[in-house]
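The exercises below ask you to work from the coordinates towards a description of the fold, one step at a time. Try each task before reading the solution that follows it.

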Amino acid sequence: MAASFSASAARRIPPIQCLLTFEALARLRSVTLTADELCVTPSAVSHRVKQLEQILGTRLFGRADFSLTTDGSAYLAHVREGLTALQHFPGGGAAPGKRRLKIAVTPTFARAILIPRLRQFTEAYPEIDLALHVSIPLLDVLAEDADLVVRYGPGHYADVEHVEISRDVLTPLASPAFVREHGPFDRPEDLEGLPLLRSPLEPWRSWFAVVGLDWAEPNEGSQFNDVGLMCDAAAAGMGVAPARLKLAAPWLEQGTLVRLFDIDAPSPHAHYLCWHTGTMDRWECAAFADWLRRAMA
C-alpha cells in the first residue's frame, strides 16, 4: 500500500531553488559557474546552499573544492531522482518527458541571429520543446505567457530581471544599385539630400555624432519599426538604412546591401534576455539562458 503524503511532510520539503542550486553546485563544483547557469548571483548560490544545510541539519559540502560529504552524496542521489521525476508531467502539448519552453523574440534577431544557431540548442537539449513567438521591439508587445523574452531597447526594465546578451554597432547601408546611382560616397556629407530610411530602433543621430555631422534627426522619409523590413527596403533601393552589422549580416553576406563608409557608431540600445522572478528556478529556462549567452559571446 502506497504511503500517503501529508501536509506535515510537505512542510519538510526544502525550497526547489535550494535543491536546484545544490544539484548544480555538486555537478559544476564552482559557485561562479553555478551562478551563471542559474542566472543568479554567487552570493545567492551560497545563501541557498546554506539555507538547505540548515533545513537538513547537516553539511553537504566538505571542502573548498565543493567535494560532497557522505550525507551530501547520499542526498544528491535523492535530489536528482526527485528532479528527474518532476520533469515528467501530463498534458501541456509536449511529447512525454519533454519540457515546454516559450520564448518571445524580436523578428530580425530571430531570423538573423537566433535561428541560425538554434539547432545547437535543440541537439544539446532534445528533452526541451521550444515555442517561438514574435515580440515587437521598444513597444514591448509580447507573446502571452512567454517564459523568456528577448527585448531590444535601453535596458531599464523595472518589471523584470534581465541580462544583456548582444550589443552592436550601426553604419549606413544601401543596395549596390543605389551606390552606383548616387555614389561615390567618400565623405559622410555625401549623404546630404538622399533618402534616409528611418527607424525608432536606430536613430541616425548616433552615427551623425560619431562622424561630426551636426545634422538633426531626419523627420521625413520611409519609417520602419522592424530592422529586417528596413534592410529589405534598403536592398530594394528605397534609400540608406542606419543598420546594425550583426542584424544586417544576412543582407551583407548575400550582397544585397553594402557599407557606404568604414565608420561605425555604437548603438544606443542592446538586446536583453528578460524573465520574471522565479523563472530561472526551472532548469529548462536556466539552460536556455546559459546557452544563449554562450552562443552570443
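Two strands are taken to pair if DSSP finds at least two bridges between them. The model is a predicted one, and its chain has 11 helices and 7 strands.

**Exercise 1. Determine which strands pair with strand β1, and in which sense.**

Step 1. Begin with strand β2 (residues 128-134), which pairs with β1 in the parallel sense over 7 bridges; within this pairing, Val105 has Val134 of β2 as its bridge partner.

Step 2. Finally, consider the burial of β1 itself, for which a residue counts as buried when its relative accessible area is under 20%. Of the 7 residues of β1 (residues 99-105), 5 are buried, so the strand is largely enclosed by the rest of the structure.

**Exercise 2. Find the partners of strand β4 (residues 161-174) and give the number of bridges to each.**

Step 1. Strand β7 (residues 265-275) runs antiparallel to β4 and is joined to it by 8 bridges, and in this pair Glu161 stands opposite Trp275 of β7.

Step 2. Strand β5 (residues 241-244) also pairs with β4 in the antiparallel sense, here over 4 bridges, and the bridge partner of Thr171 in β5 is Ala243.

Step 3. Strand β6 (residues 258-259) is joined to β4 by 2 bridges, again with the strands running antiparallel; Leu173 stands opposite Arg259 of β6.

**Exercise 3. Describe how helix α2 (residues 16-28) packs against helix α4 (residues 42-56).**

Step 1. Two packed helices are described by the angle between their axes and the distance between the axes. For α2 and α4 the angle is about 110°, and the axes are 9 Å apart.

Step 2. Angles of 65 to 115 degrees count as roughly perpendicular, and α2 and α4 are therefore roughly perpendicular to each other.

Step 3. List the residues that meet: Gln17, Cys18, Leu19, Thr21, Phe22 and Leu25 come from α2, while Val45, Arg48, Val49, Gln51 and Leu52 come from α4. Sorted by class, this contact of α2 with α4 has 7 nonpolar, 3 polar and 1 charged residues.

**Exercise 4. Where do Arg29 and Cys39 lie, and is each of them buried or partly exposed?**

Step 1. Arg29, which lies in the loop between α2 and α3 (31-38), has a positive phi of about 55° although it is not a glycine. Its relative accessible area is 42%, and Arg29 is therefore partly exposed.

Step 2. Cys39, in the loop between α3 and α4, likewise has a positive phi without being a glycine, with a value of about 60°. Its relative accessible area is 12%, so Cys39 is buried.

**Exercise 5. Which two residues does a cis peptide bond join, and how does the chain look as a whole?**

Step 1. The cis peptide bond joins Gly183 and Pro184, with omega at about 0°; Pro184 is found in the loop between α7 (176-182) and α8 (205-211).

Step 2. For the whole chain, buried residues make up 46% of the 297 residues, and among contacts between residues at least 6 apart in sequence, 72% join residues at least 24 apart.

Terms used: Residues are numbered from 1 along each chain as its sequence is written. This is a predicted model: local features need pLDDT of at least 70, side-chain atom pairs count only at pLDDT 80 or more; totals for chains, interfaces and linings use all residues. Side-chain values use heavy atoms; hydrogens and water are left out. Buried means under 20% relative accessible area, exposed over 50%, partly exposed in between (1.4 Å probe, protein chains only). Axes are lines fitted to C-alpha atoms, for helices over the stretch in contact, and angles run from 0 to 180 degrees between N-to-C directions. Angles under 35 degrees count as roughly parallel, over 145 as roughly antiparallel, 65 to 115 as roughly perpendicular and the rest as oblique. Contact means heavy atoms within 4.5 Å. Ala, Val, Leu, Ile, Met, Phe, Trp, Tyr, Cys and Pro count as nonpolar, Asp, Glu, Lys and Arg as charged, and the others, Gly among them, as polar.
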